[in-house]
Amino acid sequence: MQWNVPNILTIMRLLAAPGVPVMFLYFHRPWADWAALTLFLLAAITDWFDGYLARAWNQQSHFGAAMDPIADKAMVVIALVVITGYSGMNPWLILPATLILFREVFVSGLRESLGDRSTQLAVTRVAKWKTTTQMVAISVLFLGTGLAFVEHGRPPRVGETALPGGTTWADLATFAGLVLIWLAAGLTAWTGWDYFRKAMPFLRGPK
């Protein structure tokens with residue numbers, strides 16, 4: 001591994017992923033929500049910078065190519081688990097979160113089964129949009145849980161995100177986050193099907 005700036009940023013993002021739930025161990029709410037949101041946002045920003053710097057400085061490496069998607073998946077999966085738990089187990093969040101988690105496991109399994117031919121499942125532009133949408137959605141949802149704790153002393157319950165007459169900032173943030181996470185789930189399903197379609201010719205043949 002080369003110790004250059006892009007790879008260091010990737011490692012920092014990988015370490016930040018388990019740091020999100022740790023925030024809820026060391027801080028009281030809503031400070032834990034703000035700390036988790038800040039850590040997640042900083043890690044998400046490095047996702048853009050490490051790729052940009054690697055290309056600009058010609059510092060692309062096999063380590064970065066392997067660890068970058070792993071760091072992204074770790075961030076999204078761990079943050080979704082935390083968000084789901086602190087959002088009152090809202091089924092409108094659990095459903096898209098389940099779809100996202102299933103896709104990540106499914107595509108990882110596809111790549112592993114293809115072995116040396118996994119390059120056929122290269123990251124597409126839509127997949128990059130998917131990751132960006134996931135990160136924005138999770139950030140907005142963290143904002144919603146923090147605001148809900150400030151306004152109500154608890155996370156929003158099921159049915160409280162339908163924008164009633166007494167809409168609060170927490171309602172707006174949670175509703176926007178749910179819309180975005182469903183959009184991310186749609187992009188996630190699309191890319192998962194696209195990867196499966198590309199892998200089918202190899203899956204049909206002999207080992």
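This is a predicted model: local features need pLDDT of at least 70, side-chain atom pairs count only at pLDDT 80 or more; totals for chains, interfaces and linings use all residues.
Beyond its neighbours within four places in sequence, Phe 142 is in contact with Val 20, Phe 24, Asp 33, Ala 36, Leu 37, Ala 79, Val 82 and Ile 83. Phe 142 itself belongs to helix H5. Its relative accessible area is 1%, under the 20% cut-off, so Phe 142 counts as buried. Now draw a distance from Phe 142 to Val 82, C-alpha to C-alpha.

**Next: Leu 37**

Move to Leu 37, one of the contacts of Phe 142. Leu 37 sits in helix H2. Is Leu 37 buried or exposed? Leu 37 is buried, at 13% relative accessible area. With residues up to four places away set aside, Leu 37 touches Ser 139, Phe 142 and Leu 143. Leu 37 and Ala 79 lie 42 residues apart in sequence, and their C-alpha atoms are 9.6 Å apart.

**Zoom out: the whole chain**

Switch to cartoon and colour by secondary structure. The chain has 6 helices and 0 strands. Read from the N terminus, the order is α-α-α-α-α-α. Colour by accessibility next. Of the 207 residues in the chain, 42% are buried. Take the contacts between residues at least 6 apart in sequence: 79% of them join residues at least 24 apart.

**H5 against H6**

Select helix H5, residues 125–152, and helix H6, residues 169–204. Their axes come within 7 Å. The crossing angle is roughly 155 degrees, which means H5 is roughly antiparallel to H6. The crossing of H5 and H6 is left-handed. Colour this contact by residue class. The contact of H5 with H6 has 23 nonpolar, 7 polar and 2 charged residues.

**H3 against H4**

Keep the cartoon and select H3 and H4. The axes of H3 and H4 are 10 Å apart, and the helices pack at an angle of about 155 degrees. That angle is over 145 degrees, so H3 and H4 are roughly antiparallel. Their crossing is left-handed. Which residues of H3 and H4 make the contact? From H3, pick Lys 73, Val 76, Val 77, Leu 80, Ile 83 and Thr 84. From H4, pick Leu 93, Ile 94, Ala 97, Ile 100, Leu 101, Glu 104, Ser 108 and Arg 111. By class, the contact of H3 with H4 splits into 9 nonpolar, 2 polar and 3 charged residues.

**Stop at Glu 104**

Stay in this contact and centre on Glu 104. Glu 104 lies in helix H4, which covers residues 91–114. Glu 104 is buried, with 5% relative accessible area. What does the side chain of Glu 104 make a polar contact with? The partner is the side chain of Lys 130, at 3.4 Å.

**H2 against H3**

The axes of H2 and H3 come within 11 Å and cross at roughly 160 degrees. The two helices are therefore roughly antiparallel to each other. H2 passes H3 in a left-handed crossing. On the H2 side, select Phe 40, Ala 43, Ala 44, Asp 47 and Asp 50. They meet Asp 68, Asp 72, Met 75 and Ala 79 in H3. The class count for H2 with H3 is 5 nonpolar, no polar and 4 charged residues.

Two backbone features remain. As background, most peptide bonds are trans, and most residues other than glycine have a negative phi.

Select Arg 29 and Pro 30. The peptide bond from Arg 29 to Pro 30 is cis, with omega near 10 degrees. Pro 30 lies in the loop between helix H1 (5–26) and helix H2 (31–56).

Asn 58 is in the loop between H2 and helix H3 (62–85). Where is the phi of Asn 58? Near 55 degrees, a positive value in a residue other than glycine. Finish by showing the surface. Asn 58 counts as exposed, because its relative accessibility is 66%.

Notes:
Residues are numbered from 1 along each chain as its sequence is written. Side-chain values use heavy atoms; hydrogens and water are left out. Helices (H or I, at least four residues) and strands (E, at least two) are DSSP runs, numbered from the N terminus. Buried means under 20% relative accessible area, exposed over 50%, partly exposed in between (1.4 Å probe, protein chains only). A polar contact is a pair of N or O atoms within 3.5 Å; within protein, one must be able to donate a hydrogen and the other to accept it, and residues adjacent in sequence count only if both atoms are side-chain atoms. Axes are lines fitted to C-alpha atoms, for helices over the stretch in contact, and angles run from 0 to 180 degrees between N-to-C directions. Angles under 35 degrees count as roughly parallel, over 145 as roughly antiparallel, 65 to 115 as roughly perpendicular and the rest as oblique. A crossing is left-handed if the near helix is turned anticlockwise from the far one by less than a right angle, and right-handed if clockwise. Ala, Val, Leu, Ile, Met, Phe, Trp, Tyr, Cys and Pro count as nonpolar, Asp, Glu, Lys and Arg as charged, and the others, Gly among them, as polar. Contact means heavy atoms within 4.5 Å.
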